[in-house]
Each structure stands twice: as C-alpha cells, then as structure tokens.
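The sequence and structure are shown here.

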Amino acid sequence: MIERVYVFPGVIEMNVQARRRLGVNIYLIDGGSEYALIDVGFLDDLTDVLEMIRQMDFRLSDCKMVIASHADADHIQGLARAREILKCKVAAHPKSVKHIETADEIATYARIDAQNIHIPMQPCKVDTLLEEGQKLKIGDKTLEVWSTPGHTEGQLAFRMGNLLFSGDNIFRDGCVGVIDAHHGSNIVDYIKSLKRIMASDAEWLLPSHGPIFRKDNALIQATIERLEGYLHMADFGTCAIDWPLLDNWEDELAKGILPK
Ligand SMILES: [Zn+2]
C-alpha cells in the first residue's frame, strides 16, 4: 500500500503521487464512493498508473469514467486499454470523438513523418459526450465542463470549486499547448479560451503538463498578447489570420517603390 497524496481535497495527480515524471498529468478525482481519471497518458505507462491506483487502495471497478481532456496521443494513447481494464466509460468533447474512435494519427498528433515520430494509436469507443456547461457528478464531487478550444477543437477544462483543471491551455511558464493546424489549433479561439480562464474566479490552475500553479492574470495577459501577435505572423502558417508584410508590399509594388 502507498499513502495517498492529495494535492487538494479529493484530487490526486499521478506524477506528484509517484514523485517522478510519468508523462502528461493524470488527475484522479476522488468522489468517495467512486472516482474518475482525467487523461491516462501513454500506453507504456498505463500499467504503472493502474498499479499505483491499486496501491492507493482504490478499486479499479470504482472508476466511473476516464475523461480525455482532448484527443492528442500523449494524453490518450492508453485510453482503449484503460477502458478494457477498468470497464468504465470513456468521456470526451464531441469534437474529439472522431479522432479517438478512428485513432486518426494526424489529428491525434501521433504521426509526424518528417520527424520520424510515430505513436501507434488504438481506436477507442467514446461512451459519454461532455458538452459546455454540463455538470459531472463523481461521487460527492462535481466537475463543471468547460469547452476551451484553441490548442485543439475538443480541448476541455473542468471547474471544481476554486480549481480549474485547465488542460493544455496554459502552463506555469506561460507556454501554451502546441499550435498546429493538423490537430485543429485555432489562435482566435485560443485567445477567447485564455480570456475566459483569466476572467474566472478559479484560484488554481491544474494543467495537463507540468506543475499545478496559482492563477496569475498577469501571466495569462502576457500570453494572450503573445498569441495576438501570432495571429499576424508567418511563423504560424495557416493558423495566422493575415500577414501584414504582404499587404504593405502590395502598396509598395503599386507605387513602384524599388529596394533601397
Ligand atoms: Zn498535451
């Protein structure tokens, strides 16, 4: 047996519990009579994760559901296997369903040929859809479902009292989840999601990567301003909305201005 390490009442995070980096953050929401997991991470780590859950004296059969915070491979590669072993429901945002059920290698960011990255994906049935505003009961805990698109279309966050399980929206250093058109990133939506998080009275952000941190509006504001810049930069390719240099150049061309 191992002693449970609660980061907040009813909340265990597996990296913190293990005191080592396993991969993505995996939150166990302990509702007393039952529990839920937010993400399960890579398949290779699943055995360790489930063993830890057992060692903490949770019954595997008391797992009410496994939630996919979004459909990226590092968060969900172990999902199908977890569903089989835990015999529980898998829940996700409607916009993640197709990617999870078809094990889409591009949309789950599992395959990047140019970098020889290939994470084998297994299709997984999604049993429960999580929509904006829904209240999710896990024993004596209630999670309020937030749809926070931007990193991916199906990115979810969950409000529980003064805590916000904030997904890949923002991390402690102000970095955000990867912006890439292949898995549906949208910078305009991203900024809206960050503004919503900033405006909320959540006191703590529990991200899907790295340390839990106190919500810091100055940090979020700086991040929003950075993303507002991205909207007009060629660096972000098809995720940018325009490229002012080319508009200016058009004027210069029309005026016949030569390089000098
Ligand atoms: Zn992630």
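## Pairing at β8

In β8, Leu129 is the bridge partner of Ala92. The strands concerned, β5 and β8, pair in the parallel sense over two bridges. The model is a predicted one.

## The sheet that holds β8

β5 and β8 belong to an open sheet of six strands, in the order β1-β2-β3-β4-β5-β8 and with mixed pairing. The edge positions are taken by β1 (11-13) and β8 (128-129); each has a single partner strand, so one side of each is left without a neighbour in the sheet.

Further in, β4 (residues 63-67) pairs with β3 and with β5. Four bridges join β4 to β3 (residues 35-38), and these two strands run parallel; Leu37 stands opposite Val66 in β4. Between β4 and β5 (residues 89-92) there are three bridges, again in the parallel sense, and here Ile67 faces Ala91 in β5. Strand β4 is mostly covered, with five of its five residues buried.

## The nonpolar core

In soluble globular proteins, nonpolar side chains tend to be buried together. The largest nonpolar core in this model has 61 residues, and the members that touch the most others are Tyr27, Ile29, Leu37, Val66, Ile67, Leu79 and Val90.

Another six strands form an open sheet, ordered β9-β10-β11-β12-β13-β14, and its pairing is mixed. At its edges stand β9 (135-138) and β14 (213-214), each with a single partner strand, so one side of each is left without a neighbour in the sheet.

The partner of β9 is β10 (residues 141-147): four bridges join the two strands, which run antiparallel. Within this pair, Ile138 stands opposite Lys141 in β10.

## Two residues with positive phi

Most residues other than glycine have a negative phi. Arg19 has a positive phi, near 60°, and is not a glycine. Its place is the loop between α1 (14-18) and β2 (27-30). Is Arg19 buried or exposed? Arg19 is exposed, because 7 other C-beta atoms lie within 10 Å and the limit for an exposed residue is 12 or fewer.

Lys87 also has a positive phi, of about 50°, without being a glycine. Lys87 is found in the loop between α4 (79-86) and β5. With 10 C-beta neighbours inside 10 Å, Lys87 counts as exposed.

## Overall dimensions

The secondary structure comes to eight helices and 14 strands. The radius of gyration is 20 Å, close to the 18 Å that the globule rule gives for 260 residues, so the protein is as compact as a globular protein of that length. Taken along the principal axes, the C-alpha atoms fill a box of roughly 75 × 40 × 35 Å.

Of the 260 residues, 39% are buried. Among contacts between residues at least 6 apart in sequence, 61% join residues at least 24 apart.

Notes
Residues are numbered from 1 along each chain as its sequence is written. This is a predicted model: local features need pLDDT of at least 70, side-chain atom pairs count only at pLDDT 80 or more; totals for chains, interfaces and linings use all residues. A residue is buried if 20 or more other C-beta atoms lie within 10 Å of its own, exposed if 12 or fewer, and partly exposed in between; C-beta atoms are placed from the backbone. Two strands pair if DSSP finds at least two bridges between them. A nonpolar core is a set of buried Ala, Val, Leu, Ile, Met, Phe, Trp, Tyr and Cys residues joined through C-beta atoms within 7 Å. The radius of gyration is taken over C-alpha atoms; the globule rule is 2.2 Å times the number of residues to the power 0.38. Two residues are in contact if their C-beta atoms, placed from the backbone, lie within 7 Å.
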